[in-house]
Amino acid sequence: MSDIPVFKPLITQDEISAAVESLEMGWLGMGSYVAEFEAKIAEVIQAPDRHVSAVSTGTAALHVALLVAGVEPGDEVIVSAFNCSADYQAISWVGADIVFCDCDDDTLEMDMDKAETLVSNKTKAIIIMDYDCIISDYDRVDAFAKKHDLRVIHDACHSFGSSFKGKPVGSYSDICVFSFDPVKTITCLDGGAVVVRTEEEQKYVRELRLLGMQQPSEVMYQNKRAWTFDVERVGFRYHMLNLHAAIGVRQIEKLEQIRSTRVAASRRYSEHLAPISEVRTPNSEFNEVNPFLYYIRVPAEDRDDLRTYLKEKGIDTGIHWQPGHWFSLWKDCRKGDLSVTDAVGNEILSLPLHSMMDLALVDQVSDAISQFFSNKVTSHDG
Ligand SMILES: *Cc1c(COP(=O)(O)O)cnc(C)c1O
């Protein structure tokens, strides 16, 4: 029996045909499909006043976002200790210092009260991240940033296609970052995007993504290039390729189907699992969201046994994430009280969640979890 994987990309003949077309076009680098992909993203986030640039990965997008925010060596960036390593690496790439903040026990978002105690005269920016189906309260974040004169990088790698209070993610934050990596809800194999507010920042993003070249993207979007241009600053090789963008375009066209089937699977999980006293399910009705994960929290002492039990039944599980300060590289970073993050790091578990998921699989996984905990009760009693 093959395992039920945690992630399963939705790749159909549409994506395969688009990939072939882009290869047959013969312009392999950044070109017309990238323009089309950016236009599709802009359509989803419904923000005509924002500027979208596609880049090679979500991590590249975070790096570019930190540079746009003006974060420099010696500056501090406050970030939740419950986040993806990519965020910490990006901060390290710009030479800034990570300051770890705890997450909130209920939402798993950065605890803004605790963040308040971590601000110093070196703090330049904060990174907030939407964990799965819980979208950060941006009203609160914005007030915090204004009070302390900070830039906000909104890591929305989990929340493309979600909304907050009716506003699409990507339409309201200072600098917003998306990922379209192999496991994200919308994939282009590897890809990311940076959304900024001004044309000037957009120009900077586009120089940073292509070796600092001041070559207008509009020329490349016609599958052509300008051979003469200036370079004024350090840049990277972070542009998106036509092949990737062609796949991304087809994926975004399926967004509604992807979102509705992931919501249905998530609701079904919660329906089954919320009644189990040992299991803590996400505090969400899954309205307005495009869920990336389905996570639960279980008692720390049961988690590994549960993972083994599920594995024996052919069910794969994941851990998102190990907290940042647990890694050797970042263990000595400045931090506040991280007691919630430490607990969550030992309790969190990701269950299989796929686009177009057969609900019978959700039932199968839920039944196995329910069985695990009822076996435990019986064996304790006996
Ligand atoms: C996936 C992810 C990233 C990194 O994106 P890549 O495209 O894999 O580089 C960053 N932050 C979060 C929260 C993510 O889930």
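**A look at the loops and the ligand**

Modeller: Let me start with D149, which is found in the loop between helix 6 (138-148) and strand 5 (151-155), where helices (H or I, at least four residues) and strands (E, at least two) are DSSP runs numbered from the N terminus. This is a predicted model, in which local features need pLDDT of at least 70, side-chain atom pairs count only at pLDDT 80 or more, and totals for chains, interfaces and linings use all residues. Residues are numbered from 1 along each chain as its sequence is written, and side-chain values use heavy atoms, with hydrogens and water left out.

Biologist: Okay, and what phi does D149 have?
Modeller: D149 has a positive phi of about 55° although it is not a glycine. Most residues other than glycine have a negative phi.

Biologist: Is D149 buried or exposed?
Modeller: D149 counts as exposed because its relative accessibility is 68%; buried means under 20% relative accessible area, exposed over 50%, and partly exposed in between, with a 1.4 Å probe and protein chains only.

Biologist: And what about L108, where is that one?
Modeller: L108 lies in the loop between strand 3 (97-101) and helix 5 (112-116). L108 is not a glycine either, yet has a positive phi of about 65°, and with 1% relative accessibility L108 counts as buried.

Biologist: Switching to the ligand, how many residues surround it?
Modeller: The ligand is surrounded by 17 residues, and the closest are G58, T59, S179, D181 and K184; a residue is near a molecule if one of its heavy atoms lies within 4 Å of it.

Biologist: Which helix gives the largest share of that shell?
Modeller: Helix 3 does, with three residues, and helix 3 (58-68) and helix 4 (85-93) each supply at least two residues of the shell.

Biologist: One last thing, which peptide bond is cis?
Modeller: The peptide bond from H320 to W321 is cis, with omega near 0°, and W321 sits in the loop between helix 11 (300-312) and strand 11 (334-335). Most peptide bonds are trans.
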